[in-house]
2 protein chains.
Amino acid sequence: MRVLIVDDDPLVSGALKVILEAEDDMESCDVASGGNEAVKKALSTRPDVVVMDIRMDDLNGIDAAEKILKEDKDIKILFLTTFLDDEYINRALGIGASGYILKQECATLPSSVRAVAGGQIVFGGKIVEKLPDLMNRTEKFDYEEFGITDKEKELIELVADGLSNKEIADKMFLGEGTVRNMMSSVLSKLDLRDRTQLACFYYQKIKP
Amino acid sequence: MRVLIVDDDPLVSGALKVILEAEDDMESCDVASGGNEAVKKALSTRPDVVVMDIRMDDLNGIDAAEKILKEDKDIKILFLTTFLDDEYINRALGIGASGYILKQECATLPSSVRAVAGGQIVFGGKIVEKLPDLMNRTEKFDYEEFGITDKEKELIELVADGLSNKEIADKMFLGEGTVRNMMSSVLSKLDLRDRTQLACFYYQKIKP
DNA sequence: AGATTGTTGTGACAAATGTCATCTCAAGTA
DNA sequence: TACTTGAGATGACATTTGTCACAACAATCT
């Protein structure tokens, strides 16, 4: 397996080279010291995996990765960085990188490189702790705090699905009038004006 | 490194056992054939990693993982499944699992297990192709495709802010009647019934 | 000029929505 | 038993909303 190591700090890239070449399935670890050099080397030598820092002076890692992937989607990019930054993670995922792990966690670097070479995606544990905030935060809204009952909660979700009062009434086995009253109650508890604001509230505050 | 393999198909769990035990750093791969057994074995033997299927008859993988993690957050859970399902991926991430890869991609299983044991998170490549859809899609909705004009787009955003027709009219320097007409036009273009559904549509499809 | 088109607006209408006072009924509770 | 409480329902009411037909007007094209 052939790996290209990219870091503008020779100390770091040297250390990584040692770590990786200690593994017997990883020979010939090439090294680049900046984004531009990384792009050039990656496209000329076509390594299996590029292990790259993000913050670099001449061309940052994300942009470099983008250029590489544009030419060759088979080259796997594994970001190895000091920073835990939402924006970076987001962009890294967006351009189709194969992983994002922290330098602190580089003990497992060889395993990660292998997994990435095999087509898997690898994230550092610390990073994934942030993922739920970005994509999965369901249900951390505190209905209790506003005195919202279970039925009212159900009603809110149905409104957020675009149902009319009549449809909600049918689904909850209640009269339409009752639904209207519940709606009224919910709206006043949340200090909203109408069902549309309730739907907006749901998507913005409850299940963003 | 100690691994617990969970799959209700003995053929699969047997194959996995062979694959993993071929690695010299993985001994004693225990096997469970269902969710309940998995929980019991995981908590009694405390393996480093649990490789688990999701669909199982008695107790599904997600729920089993949840029980295990509740007792011991250090046990890493790696889901190995046949299905590529948003809902599963979402839940798996939500409960703090360490990975989710497809059975088709199991060639890299040993690497993945090592990476997971080291605290990294691993996703199958096919799965990550879906991630940007879930967390990174900003503004890729194609208004053009539905023949939505710029003004109509503005109206949609105001509706998604919970404004009434009157308020929208004031903001856009139009008559309220005009806003109503535009609303009518937008709703029919998007095949929706009322402003609340429009708000839902906005948060679900346009700016999720 | 005459015709076409698109934007903006009006008026009328039915339906849906939100609010309020009030009633019923079952389940506790003193 | 008598009292309170809460969920569910009703009916009345004012607003808001969505639809439709159509008109006024400017810009553009023939």
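Author: Just after helix 10 of chain B, Asp191(B) takes a positive phi of about 60°. This is a predicted model, and the angle, like the other values here, is computed from it.

Reader: What makes the length of helix 10 of chain B agree with its number of residues?

Author: The expected span is 1.5 Å times one less than the number of residues; for the 15 residues of helix 10 of chain B that gives 21 Å, and because the end C-alpha atoms are 21 Å apart, the two values agree.

Reader: Which residues of helix 10 of chain B are buried, and how do you know that they lie on the same side?

Author: The buried residues in this helix are Val179(B), Met182(B), Val186(B) and Leu190(B). They cover an arc of only 65° around the axis, and therefore they are placed on the same side of helix 10 of chain B. The cover over them includes helix 8 (150-159), helix 9 and helix 11 (195-206) of chain B, whereas the face turned away from the buried side carries Gly177(B), Asn181(B), Ser184(B) and Ser188(B), which are exposed.

Reader: What does helix 10 of chain B give to the surface near DNA strand D?

Author: Helix 10 of chain B gives the most to that surface, with 6 residues. Of the 19 residues around DNA strand D, those that come nearest are Leu174(A), Gly175(A), Gly177(A), Ser184(B) and Arg195(B). Two or more residues are also given by helix 10 (176-190) of chain A and by helix 9 (165-172) of chain B. By class, this surface has 10 polar, 6 charged and 3 nonpolar residues.

Reader: Which element gives the largest share of the surface near DNA strand C?

Author: That share, 6 residues, comes from helix 10 of chain A. DNA strand C is surrounded by 19 residues, and the closest are Ser184(A), Asp194(A), Arg195(A), Leu174(B) and Gly177(B). The division by class is 3 nonpolar, 10 polar and 6 charged.

Reader: Why is Gly94(A) called partly exposed?

Author: A residue is buried with 20 or more other C-beta atoms within 10 Å of its own and exposed with 12 or fewer; Gly94(A) has 16 within 10 Å, and is therefore partly exposed.

Reader: What makes helix 5 (residues 109-117) of chain B mostly covered?

Author: The count decides this, since 9 of its 9 residues are buried, including Leu109(B), Arg114(B) and Ala117(B). Just after helix 5 of chain B, Gly119(B) takes a positive phi of about 95°.

Reader: Which residues have the most contacts inside the largest nonpolar core?

Author: That core has 78 residues, and those with the most contacts inside it are Val50(A), Val51(A), Val50(B) and Val51(B). Apart from it lies another core, of 33 residues, among them Met182(A), Tyr202(A), Ala199(B) and Phe201(B). Leaving aside residues up to four places away in sequence, Val51(B) touches Val3(B), Ile5(B), Val6(B), Leu16(B), Leu78(B), Leu80(B) and Val113(B). In soluble globular proteins, nonpolar side chains tend to be buried together.

Notes. Residues numbered from 1 in each chain as written. Chains lettered and ligands numbered in written order. Predicted model: local features only at pLDDT ≥ 70, side-chain atom pairs only at ≥ 80, totals over all residues. Near = placed C-beta within 6 Å. Helix = DSSP H or I, 4+ residues; strand = E, 2+ residues; numbered from the N terminus. Nonpolar A, V, L, I, M, F, W, Y, C, P; charged D, E, K, R; others polar. Arc of directions from axis to C-beta. Contact = placed C-beta atoms within 7 Å. Core = buried A, V, L, I, M, F, W, Y, C linked by C-beta atoms within 7 Å.
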